[in-house]
Structures are given as C-alpha cells and as structure tokens.
Number of protein chains: 2
Amino acid sequence: MKWDTLADEPCSVARTVSVIGDRWTLLILRDCFLRVRRFEAFQTGLGITRHLLAHRLKKLVAAGVLRKIAYQQRPARYEYVLTDRGLDLHPIVMGIVHWGDIHMAGDSGRPRLHRHKGCGGLFDPVMVCSACGEAVTARDVTVEPGPGALGALV
Amino acid sequence: MKWDTLADEPCSVARTVSVIGDRWTLLILRDCFLRVRRFEAFQTGLGITRHLLAHRLKKLVAAGVLRKIAYQQRPARYEYVLTDRGLDLHPIVMGIVHWGDIHMAGDSGRPRLHRHKGCGGLFDPVMVCSACGEAVTARDVTVEPGPGALGALV
DNA sequence: ATCAATCAGTTCTTTTTTAGAACTGTCAAC
DNA sequence: GTTGACAGTTCTAAAAAAGAACTGATTGAT
C-alpha cells in the first residue's frame, strides 16, 4: 500500500490517518492546541528539523487543518492557526492525552491538567453515545457497513 | 529528538505518540477493534510488509497494548488481542473515525456505522466533561501545569 | 511416502524518509 | 554597516520502509 492511496480507502480511520497519522504531525497539533503559532516556536519547542517542519505545516495547510495568517508584511510572515476542521481534532488529541495520563504518567503525576470553562472544574474527557448520552466503552460497540462501504467490512 | 526519548517527555501526548503515533500502528489497532487477531489476517488486510508487521506487533505487545494468546501448539501459533490497556485506546480510535466520517467521507457517505449495544441506536462519539457532563469543544478548555510538569507548559 | 498448502515469521536488497547541519534572503534595531 | 530575528531551502549521511524471496513446522491430499 502506498501512503498517497490511503486517503482513498473506504475507511474513515485510513482517511484520517492519511492526514494526521504521523508522529511529528501529532506533536505539531498538540502545540497548536497549546496556542503555538510560529515556525520558530514549533521548531525550537519540538526539536523537529526545519525541513520536516516546513513540509508538515504545508501538508496540514493543504489538508485544511491549519491556515496561514499574515502577522506582518515585508518580510511576509505567517502564523499557523487551527481551522474549524483542525479544531474538530480536539477530541482525538484529548483522547491521546487522557490515555497518556492514565497509562504513561509516572509517580509524579500527569504533566498537564485541563479545566472546563463551562463549569470551571478540572476534568477528563469522557466519550458518550450521541443517541442516549451514556458513557461508551469498546465492548459496548458493534460495527456495521455504512453507505460508503465498498466491500468487505475489514 | 530521538524517538526513544519521546516516552520520557513530560507530556502525555508525546508519551502516547511514542506507542501509537505511527500510521501502520493506528491501522493495526483499527483492525484489532474490528476483531482481527492473526498475523496473516493483518498482513493481507492491510498490505503491510511482513517485516514491519512483525515489528509493530512486537512493539505493541511490549507496550502492553496487545497480548499473545496461543491458539494451537506445534507449531506454536498466537493470536494478538487487545489488553485492557489496549481497549482504553477506543476513544482515540473512535475520535479518528468520527473526524474521518465528518471531514473525509465523500458523497457516498460514511464507510462504517457504529451501534451502541446499551441503547441499540446508531451513534457518534461525543466528548463530555467528566465534572459536569456537558459536551466539550476545543474552545471550552484551558490547560495548566500538573504535578508531573517539569518546566514550561509548552 | 510425497507433495502442496497454511501460517508466522526472517532475511535480503532497493527505495524512501528523516536527521543534522549549513546556507539564503528580508528586514529592524543598534 | 553590522548584528540578530525569522522563515524557510539545500545539502549529505543515517535510518526506516518497501518489496520480494526464503525458512520451518505441520496438516491434509495424492
């Protein structure tokens, strides 16, 4: 399988992975949600090579996840900010954070805490069913082919 | 930055990404949640090279996400199944699916549907606040250092 | 008894990607 | 007019992945 064909698979996981399924991309997105916006800030914060950072940012812009906003002219300089499409990745990033908090935090505890502006409390993300509102775990879910399925389920 | 140092960063995203932040690994996990268990099934379904599949499975077992269960002796043959730790990745995978459903499904619609056994309905995953139960979006969240933070926030 | 098939890998070479460092160009401030 | 900030680009070397063939244990068919 070639990576450029991944986006064409009849699978939402494969399609999403074709956009964000790369280690540096996920770390860049983490920084985006932490309000990092500029090339130098990404580069020094992450330790990514400048070459790769330029490449990844370009890809995220092309995918509609980030957009460039000029913050000065002469020389033209841009900030990279999340689009609505990019903001929709928040549950994925929060899910990643939460798994790390639960399974990878050492004795010193979790590195970051999240506060919900709505209620003012510290919180963990909980996944619930859009139909009934109850919390959902892996064992509560069955999968069936949808209209966009082309063939076998797997 | 070397990838083996990623797990030691004071960041739950980096730590989780050190386990699952790779395209093939995410696709393998998708198949795990779809009840794929055997080497040949992963390999033919994904089109991954056998070399890489063996490597990724070994890594996931070492990380405690999958475990090997013998389904026959002579020759010894194993199935790879999700541990509890692996099942906890479900919200991440569902988040990935949901983003693809919303942003990458074409006119033919989403490739797969999910049914909640609890209520019997088709559903989308919704992320809510563990403190108040309300739905949470990116704009509703602020981040602060936790006990495991070693230094700067970003 | 022999042959083909199944399954889970391993081993090789070639190609692609990433790391790491240095370089370019535009401007502002000193 | 020199230095420094910023946002890249361009190299080469090292690492990872692709692609294909091979191993080895066993079962079932001929």
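Student: At what angle do helix 6 of chain A and helix 1 of chain B pack?
Tutor: In this predicted model, helix 6 (residues 90-103) of chain A meets helix 1 (residues 12-20) of chain B at an angle of about 90°, and their axes are 8 Å apart. Angles of 65 to 115 degrees count as roughly perpendicular, so these two helices are roughly perpendicular to each other.

Student: Which residues make that contact?
Tutor: From helix 6 of chain A you have A:Val93, A:Ile96, A:Val97, A:Trp99, A:Gly100 and A:Asp101. Helix 1 of chain B brings B:Ser12, B:Val13, B:Arg15, B:Thr16 and B:Val17.

Student: And how many of those are nonpolar, polar or charged?
Tutor: That helix contact has 6 nonpolar, 3 polar and 2 charged residues.

Student: OK, zooming out. How many residues of each chain are in contact?
Tutor: Chain A has 81 residues in contact with 82 residues of chain B.

Student: Which element of chain A gives the largest share of its side?
Tutor: Helix 6 of chain A does, with 13 residues of the side that touches chain B. Other elements supplying at least two residues each include helix 2 (23-33), helix 5 (84-87) and strand 3 (112-116) of chain A.

Student: Switching to strands: does strand 4 of chain A run parallel or antiparallel to strand 4 of chain B?
Tutor: Antiparallel, with 5 bridges joining strand 4 of chain A to strand 4 (residues 125-129) of chain B.

Student: What's the bridge partner of A:Cys129 there?
Tutor: B:Pro125, in strand 4 of chain B.

How values were computed:
Residues are numbered from 1 along each chain as its sequence is written. Chains are lettered from A and ligands numbered from 1 in the order in which they are written. This is a predicted model: local features need pLDDT of at least 70, side-chain atom pairs count only at pLDDT 80 or more; totals for chains, interfaces and linings use all residues. Axes are lines fitted to C-alpha atoms, for helices over the stretch in contact, and angles run from 0 to 180 degrees between N-to-C directions. Helices (H or I, at least four residues) and strands (E, at least two) are DSSP runs, numbered from the N terminus. Angles under 35 degrees count as roughly parallel, over 145 as roughly antiparallel, 65 to 115 as roughly perpendicular and the rest as oblique. Two residues are in contact if their C-beta atoms, placed from the backbone, lie within 7 Å. Ala, Val, Leu, Ile, Met, Phe, Trp, Tyr, Cys and Pro count as nonpolar, Asp, Glu, Lys and Arg as charged, and the others, Gly among them, as polar. Two strands pair if DSSP finds at least two bridges between them.
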